[in-house]
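Here is a short note for a colleague who is opening this model for the first time. Please read the points with the structure in view.

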Amino acid sequence: MRLPPFAYDRPRDLYEALELLNSYGKDCKVLAGGTDLLVRMKQGLVAPTHLVSLKALSELAEIKETGDGLQIGAAVKLSDILAYQPVQDHWPGLFEAVKAIGAPSIQHFSGTIGGNLCQDNRCQFYDQSKFFRAARQTCNKAGGSTCFAWKGGSDKCHSACQSDSAPILIAMDAKVVIKSKNETRTMPLEELYSSVGERPLTLADNEMLTEILVPAPTPGAGTAFEKLAYRSSIDYAMVSAGAFVQTEGGRTTRVRLVIGAVARGPLSIATVEKTLKNRPAGDQQAINEVAIDAMNTAAAFIANNMTQPVEYRTKMVSVIAKRALTRAAERAISQKGFLEAK
Amino acid sequence: MIDDQERNGKKEIMEEFTVIGKRISKVDAVDKATGRALYIQDLKLPGMLYGRILYSKYPHAHIIRVGTEKAKALPGVITVLTGEDIPPVRLGFYKDNPLLKAGKVRSYRDEVAAVAATDPEIAREAISLIDVTYEALPAIFDPEEALKPEAPLVHEEHKTNLLKMPWSLHYGDVEAAKLDAVFNVSERFSTTWVTHCCMGTSGAIADFDHSNNLTVYTNTQIPSLAQKDFQETLKILGVKDKRVRVIKPCIGGGFGSKLDTYAYEHMAILLAWYARRPVKILFEREEEFIATSPRQPTVTYISMGCDKEGRLLYRDMSMVLDNGAYTSWGATTPSVMMMPITSLYRVPNVRYSAKCVYTNNTYSQAMRGYGNPQATFAIESAIDMLAEAAGIDRVEFRRINSNQPGDVTPQGLRITSCGLPECIEAVSKDLEFGRSRENGVGVGLASLIHVGGGARIYKSDGCGTIIKMDDYGKVDVFTGASDMGQGSDTIIAQIVAEELGVQVDDVHVFHQDTDICPWDVGAHASRTTFVAGNSALGAAKKIRLRLLAMASKATGVDEDKLVLRDRAFFVEGKPVLPIAKLLRGSHFTPRGEMMMADNFYDPPNENMGKDFRGNMSATYSFGTHGVRVKVDEATGKVEILDYIAAHDVGRAINPLLLDGQVHGGVLMGVGYALTEQVIMENGRNMNPDFRDYKVLTAMDAIHSKAVVIETIDDQGPFGAKGIGEPGCVPTAPAIANAIYDAIGVRIKDLPITPEKVLAAIKKKNGTVSCGIDAFTQKEQACE
Amino acid sequence: MSREIKFVLNGAQTCVAIEDDWNLLYLLREKLGLTGAKEGCGRGECGACTVIVDGLAVNSCLYFAVEIDGKEVLTIEGLAGADGTLHALQKSFVSNGGIQCGFCTPGMILSAKALLDENPQPTEADIKQALAGNLCRCTGYVQIIESVEAVVDKSSGDINAVVRETGDSD
Ligand SMILES: Cc1cc2nc3c(=O)[nH]c(=O)nc-3n(C[C@H](O)[C@H](O)[C@H](O)COP(=O)(O)OP(=O)(O)OC[C@H]3O[C@@H](n4cnc5c(N)ncnc54)[C@H](O)[C@@H]3O)c2cc1C
Ligand code: FES
Ligand code: FES
């Protein structure tokens, strides 16, 4: 299928790339692995006039461990993250999340972590061909003024952020480095997400995600990612959860829980710290309580944006949250490497 | 016809087979492994145009106007057709489906206009430039609702939404048996749309020559019947007495989808006719989901009863089938459903009726099993329930009622060879049904009966074969059979090679071209091995006799002392004359002979009578599947731990291909049971892609144990029966039964998605909310 | 915009003029006549279009042709030896029932090849994972997985050693 015409650039360094972004402005898209962008272009959801490819930017393709933790270039391939031994050893939650994206082989050899974090939100009424969409009114996300995913309609877009890596990275307090021609800012990953379905990222048109910074593992910490899907691959999550648990002497001192695929952005559950702090790590009753909280929080957001029923996905938030928290706590206590803990 | 029966199956005693029963690679596999095999996707003709179809925007509406001016004005557009422009071509055996709709559309997949252009992108754009004005009509999507008097009519001229189909039978006296029965069950089951998902999408190229002879390259399982359908279309175009040639490229999967001719094929013909150039229509994946016909959904009411000892006394079933807006073979699946309904297990009194109902949904077609999976889901689920009611072990209950060789069932099916008891044994032994087990784990089983010796649906169930041998002992077999990947070419090559004492590599099977290949009714009902196999065997047998006679004359050795094997004639273990040499002698000589033979085989089965009695197949295949599942009670997800599939196949002509049919059938069956559904929202397909239509992946693969029971059927070629479809027939009920065993909830509606399992668990535990129904999006009652 | 790209295609230096919006699958099938890679969905969901770019299996339907400039591409047509000898995987798929309708086959074989190049001794789980983006409707995957395993078993040495195509059925 032919795409509307666009100009393609493959800058040789980051400076040149940012320069291009700056001059092209709003009709320009960053092209990383293309596994998300190309599908959207084929569906006629986006029609950029310029594509700036990251393929030649070796400075964005590096993953390394520094004193401060893990530094992942935005254009690092998903397969390279999985193959990186320190990730397997110290960040099992991240390993699980990346592994759960799409089909482990093919999408992983093209898809990048930056692309995964920056992919657009999804909805069963929006992520369809032109032909499919033509039979209905134009929805909010496509520039119209209705939402089919929200009971009774809505003036807001209720698409879901389906990135599998975002929940766990946010739970681990990852930061992102955002660059434009004139500015560099570093901010918590969660601030990348606007919670606006129509435009889910807070990036300006001339900005680009260049790096993801994951804090170093601390003794007594554990991470885990859970994803619920019908199939074992090529499936987006109905619900996902990333959990981080820090323990000291068997008690939880710090904890984060982020639910994915249910809201317009990754959904951080605020009450979890209050409920779990100072409780014995892995305390099932406390985890249950948090899981229910997570479900109730998510319930306000879950829209009919997937083929699976809203009610079921809502219930599953508690199950998936509980599993992620429990496994993260187990890992925190046992302090075992990923392979044993699995 | 030569009488093969004498030898079939008995040869084994006399001598070892050289190729029958061996794990022989598919004859076309090397082409496919190297990317050389050509599919419709890969074909182009010089000057070829690209056709595209415009579908309806409404499930039910009047067409007020179709504006084609802008499309016609687009450079590169050669032809634009609407329902007003063409003569009334009607599709399907019920002839209720106009090729291009005029006046009214009845479903979203209704064809409203078509274009042919020099480039696929131009065709796409042209389609988007066609302006159609509709006036929406009230639509109906629920077949049970569609039967109510106030329901809108899908076809006004038909006066009712109920199709005039004769599906009703009653053998014995069900009412009397109900009084005698000690244990009874009565239940409602339902199944939904699933679709073939052939990896190669549909497509066709139509090409007229200068004198209006037509060649159609198309993905079809029915070359001879397609030829007839295309002839009819030509006739309506006013083209009489011309040749129609059907050429089948490699087919990227069939599973029943190519058993009827579709609008796109006829549209390609019309576009080619008006454009005077070859036209290709190739579906994209979304179109494949939307505009090909799925397996038909059913609502089934079943009651069944047995006596104190667990002997089945009656089975009473009625069904409502969603026919969709038009009629294809989906409406005739009750004819095959009758087989399991009347004849799976011994049951003396049977009643069955089925209503096919027009709705504004997509229309259905044949799919692997042809109704049998839907019927077997209800029957085998209910068998477990009845066994439980009677307090009899599920395996024992099936043993008590198992079909046996020599049975004649109430429908008049004559069971000859029957390995069902052995299949049940194999499964129960393997899965250790009595064993205690951990929480959430359960086992289940279900059996099947299917036609294994053809199925006389039409007047003929025949297939022709021509065999010719060349100077070098190579064999060309021209068969009517259609290989869609299931491997019939290989099976035929093996049968012929065995009979003629040559190697499989010496045999080339042609099946692609109606100009060259003889007649056949089509690849359906698992009939190819049996019918085409017997046909080829008969032809090979004729050649063999002639070769023997010639060799005897050439060598002076008596025919019965000559052994034909390894490409030569042997006398007392020593080669005396290579076949090639004999053939060269006979061709290249004054008054020579050509080594060629033909054979038409029509199996000794019967059309069903008015009361649907009749032995529709020459023999029947049986099987039992067993499964061990683990249910995640928090999410409702079902995991398959072990799977065993035991099949009575008569004889495994090629165990390698047989295993492949079983593994493929089982995974398709598991998808049917657990994950697959075409989600229809008011007639609209909501998941026309592999992202949301959940075909299982390699990570979900199930290493099923395939057990083969050989009963060496008297009528089958070397004792073989058909096995193409059975693999996916009993899977869903086996899984449903295992889930019940595991967690005590019975799911009666396919697919058994996690949300349904969870809702059922909640209901069992007495929780008030029972989840949202996947189809109605309404809260489910928990009563 | 159109431009010229240079890349190595099945071992041969190739130079073609392309349009920026072409994807690799389109270039291979429609412009270079290499129809071995198939289009099953065009959206990254089926793997029928899998080819190997610089040693990695990718969905060619989601890969812009311009991005292969300077890279090495292997398609199913380039897998057998120049004299027609089949690659061990092709041979194994043929003899172990890994092929039915064959539409998924080129993609399957190339996904398997990319795996074995990376990891010559994969476990069954590794194999399933490597094939997880390649749908097959015919085989239920069992014989496909066995076809890959059979190559692994034999390949304590060089798995890329080509096996002569005998045409027989061992
Ligand atoms: C069949 C299939 C299944 C999939 N399943 C999953 C799944 O289960 N889970 C999941 O999370 N995803 C899934 N995906 C989506 C996608 O493949 C992955 O998210 C992948 O990681 C995207 O990476 P990419 O490099 O290919 O992104 P691209 O397609 O190149 O980019 C995606 C978006 O991010 C923007 N972008 C990319 N890099 C940057 C950057 N550095 N700065 C700013 N913007 C940037 C692009 O402009 C584009 O809008 C699936 C895709 C397919 C086709
Ligand atoms: S065609 Fe590329 S993945 Fe299906
Ligand atoms: S062999 Fe047919 S899809 Fe795999």
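**Notes on contacts and salt bridges**

1. Start with the contact between chain C and chain A. Chain C contributes 32 residues and chain A contributes 31 residues. Keep in mind throughout that this is a predicted model.

2. How much area is buried between chain C and chain A? The figure is about 2700 Å². Carbon and sulfur atoms give 55% of that area.

3. Now the charged pairs across this contact. The count between chain C and chain A is one salt bridge. Glu67(C) and Lys55(A) meet through their side chains in a salt bridge, at 2.8 Å from N to O.

4. Next, look within chain C. Domain 1 of chain C brings 17 residues to the contact, and domain 2 of chain C brings 13 residues.

5. The two domains of chain C bury about 1200 Å² between them. Of this area, 64% is on carbon and sulfur atoms. Which three residues supply more of the area that domain 1 of chain C buries against domain 2 of chain C than any other three? They are Thr50(C), Ile52(C) and Ile76(C), with 37%.

6. How many salt bridges does the rule find across the interface of domain 1 of chain C and domain 2 of chain C? The number is zero.

7. Turn to a helix pair that joins chains A and B. Helix α12 (residues 310–334) of chain A packs with helix α19 (residues 754–764) of chain B. The angle is about 75°, and the axes are 10 Å apart. Angles of 65 to 115 degrees count as roughly perpendicular, so α12(A) and α19(B) are roughly perpendicular to each other.

8. Which residues make this helix contact? From α12(A) come Tyr312(A), Lys315(A) and Met316(A). From α19(B) come Pro754(B), Glu755(B), Leu758(B) and Lys762(B). By class, the contact of α12(A) with α19(B) has four nonpolar and three charged residues, and no polar ones.

9. Last, the salt bridges of the whole structure. A search over all chains finds 81. One pair in chain B is Lys178(B) with Asp316(B), whose side chains meet at 2.8 Å, N to O. This pair links distant parts of the chain, 138 residues apart. Lys178(B) sits in helix α6 (residues 174–180) of chain B, and Asp316(B) in strand β16 (residues 312–324) of chain B.

Note on methods. Residues are numbered from 1 along each chain as its sequence is written. Chains are lettered from A and ligands numbered from 1 in the order in which they are written. This is a predicted model: local features need pLDDT of at least 70, side-chain atom pairs count only at pLDDT 80 or more; totals for chains, interfaces and linings use all residues. Side-chain values use heavy atoms; hydrogens and water are left out. Axes are lines fitted to C-alpha atoms, for helices over the stretch in contact, and angles run from 0 to 180 degrees between N-to-C directions. Helices (H or I, at least four residues) and strands (E, at least two) are DSSP runs, numbered from the N terminus. Angles under 35 degrees count as roughly parallel, over 145 as roughly antiparallel, 65 to 115 as roughly perpendicular and the rest as oblique. Contact means heavy atoms within 4.5 Å. Ala, Val, Leu, Ile, Met, Phe, Trp, Tyr, Cys and Pro count as nonpolar, Asp, Glu, Lys and Arg as charged, and the others, Gly among them, as polar. Buried area is the accessible area (1.4 Å probe) that two parts lose on being put together, summed over both. A salt bridge is a side-chain nitrogen of Lys or Arg within 4 Å of a carboxyl oxygen of Asp or Glu.
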